[in-house]
Amino acid sequence: MNSNAILIAIGVVAGVALLVVLSMWSRAQALDALRRWAAAEGLELVSATRRSFVPLWCSGKGYQFFRVTVRDKVGGTRRAWARCLDFNSAEPHNIEVTWDEKSSA
């Protein structure tokens, strides 16, 4: 292997590692924003799963999508799609929520 091939391989590995770290950091920022949003709404965030494939009606570039379950003060749960801006813009006021029609007690 010549030195150019080694440098290219190192560059590819470093690039992939950077993308993984940015993805993990972005997800952590969005989860924190979702927790703060739920608390501000008087809800408890039960679960939040980041989704790559989302319904067409809520897709968009520069967003992360989560399938969330929240619990209200009387114990009822609701599910929704939550759309958060990527990276450092993941703040509670930047979260758009589309509630499912059905709720369970």
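I began with alanine 82 and listed its contacts (heavy atoms within 4.5 Å): leaving aside neighbours within four places in sequence, they are Leu34, Gln64, Phe65, Phe66, Val68, Ile95, Glu96 and Val97. I noted that this is a predicted model, in which local features need pLDDT of at least 70 and side-chain atom pairs count only at pLDDT 80 or more, while totals for chains, interfaces and linings use all residues. Residues are numbered from 1 along each chain as its sequence is written, and side-chain values use heavy atoms, with hydrogens and water left out.

I placed alanine 82 in strand β3, residues 77–85 (strands are DSSP runs of E with at least two residues, helices runs of H or I with at least four, both numbered from the N terminus). Alanine 82 counts as buried because its relative accessible area is 0% (buried is under 20%, exposed over 50%, partly exposed in between, with a 1.4 Å probe and protein chains only). For glutamine 64, 18 residues away from alanine 82 along the chain, I read a C-alpha separation of 8.3 Å.

I then looked up how β3 pairs, and found strand β2 (residues 63–71) antiparallel to β3 over 9 bridges, where pairing requires at least two DSSP bridges between two strands. Tyrosine 63 has leucine 85 of β3 as its bridge partner. In the hairpin of these strands, with 5 residues between them, I found glycine 75 at a positive phi near 95°.

Lastly I turned to methionine 24, which lies in helix α1, residues 3–40, and is exposed, since its relative accessible area is 57%.
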